[in-house]
Every structure is written in C-alpha cells, then in structure tokens.
Amino acid sequence: NDQERGIFHDGLKDMETRIPEEYGKPFDQLGNEQQLSILEELEAAASDSPWYKLGNVRRAFISDAPFICQMKELTVWGFFTSEVGATKVL
C-alpha cells in the first residue's frame with residue numbers, strides 16, 4: 001500500500017544519502033563489515049517495533065514496519081520465490 005511504499009522509499013533514500021556522507025561510499029561499494037554495521041544500526045533503531053515482538057514467529061502483517069523490517073521480509077520472500085529457493089531449498 002502507499003504507506004508501506006513510502007516507508008520503504010524513504011528508507012532507501014536515507015541509505016542513498018546518509019551512508020555515503022558517513023562512510024564516503026554508497027552502500028553497495030562498502031565492505032562486508034561496514035554493510036553489516038549499517039544494517040545492525042538500522043535494526044537496533046527499529047527494535048521497539050512490534051515486528052520484533054517475541055512470539056511473532058508468523059510475522060503478523062504490520063503496515064508501518066520500519067524499513068529494515070520490510071527489507072528483511074522482501075529479501076526472504078524474494079529468495080524463496082526464486083527458482084533456487086523454491087526448488088533447491090524448499
């Protein structure tokens with residue numbers, strides 16, 4: 001929906017502008033340790049979201065989930081709907 005799309009778009013925009021200012025390079029040009037550090041910072045900042053609530057193993061739909069939560073869900077969904085994820089892993 002528009003709200004989710006806006007949160008995701010704003011999160012990407014933040015990564016495009018803030019990260020090069022702090023690290024001198026875009027996210028995709030950073031080393032693994034720097035990328036992991038950024039993702040951990042995003043996750044820590046979002047830790048109060050109900051998305052992280054203990055027992056939320058079925059990941060109930062939360063329309064205003066922070067960017068990092070959306071990114072994690074889309075990454076898992078993308079992998080398991082890919083040919084390798086669907087045929088080799090599942």
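Trainee: How much accessible surface does the protein chain have, and what share belongs to carbon and sulfur atoms?
Mentor: Bear in mind that this is a predicted model, where local features need pLDDT of at least 70, side-chain atom pairs count only at pLDDT 80 or more, and totals for chains, interfaces and linings use all residues. Residues are numbered from 1 along each chain as its sequence is written, and side-chain values use heavy atoms, with hydrogens and water left out. Accessible areas come from the Shrake-Rupley method with a 1.4 Å probe, and for residues only the protein chains shown count as cover. The surface comes to about 6,700 Å², and the carbon and sulfur share is 56%.

Trainee: How are α2 and α3 oriented to each other?
Mentor: Two packed helices are described by the angle between their axes and the distance between the axes. Axes here are lines fitted to C-alpha atoms, for helices over the stretch in contact, with angles from 0 to 180 degrees between N-to-C directions. The axes of α2 (residues 32–45) and α3 (residues 67–80) come within 8 Å and cross at roughly 120°. Angles under 35 degrees count as roughly parallel, over 145 as roughly antiparallel, 65 to 115 as roughly perpendicular and the rest as oblique, so α2 and α3 are oblique.

Trainee: And how is α1 oriented to α3?
Mentor: The axes of α1 (residues 2–23) and α3 come within 9 Å and cross at roughly 100°. That makes the two roughly perpendicular.

Trainee: Which residues of α3 does α1 meet?
Mentor: Contact means heavy atoms within 4.5 Å. On the α1 side, the residues involved are E4, I7, F8, G11, L12 and M15. Their partners in α3 are F67, Q70, M71 and L74.

Trainee: Is K72 buried, exposed or partly exposed?
Mentor: K72 is found in α3, and leaving aside neighbours within four places in sequence, K72 is in contact with E43, W51 and Y52. Buried means under 20% relative accessible area, exposed over 50%, and partly exposed in between (1.4 Å probe, protein chains only). With a relative accessible area of 32%, K72 is partly exposed.

Trainee: What is the C-alpha separation of K72 and E43?
Mentor: E43 belongs to the group in α2 that meets α3, and K72 is among the α3 residues there. The two are 29 residues apart in sequence. In space, their C-alpha separation is 10 Å.

Trainee: Is I38 buried or exposed, and at what relative accessible area?
Mentor: I38 lies in α2. Not counting residues up to four places away in sequence, I38 touches I19, Y23, F27 and L30. I38 is buried, and its relative accessible area is 1%.

Key. Helices (H or I, at least four residues) and strands (E, at least two) are DSSP runs, numbered from the N terminus.
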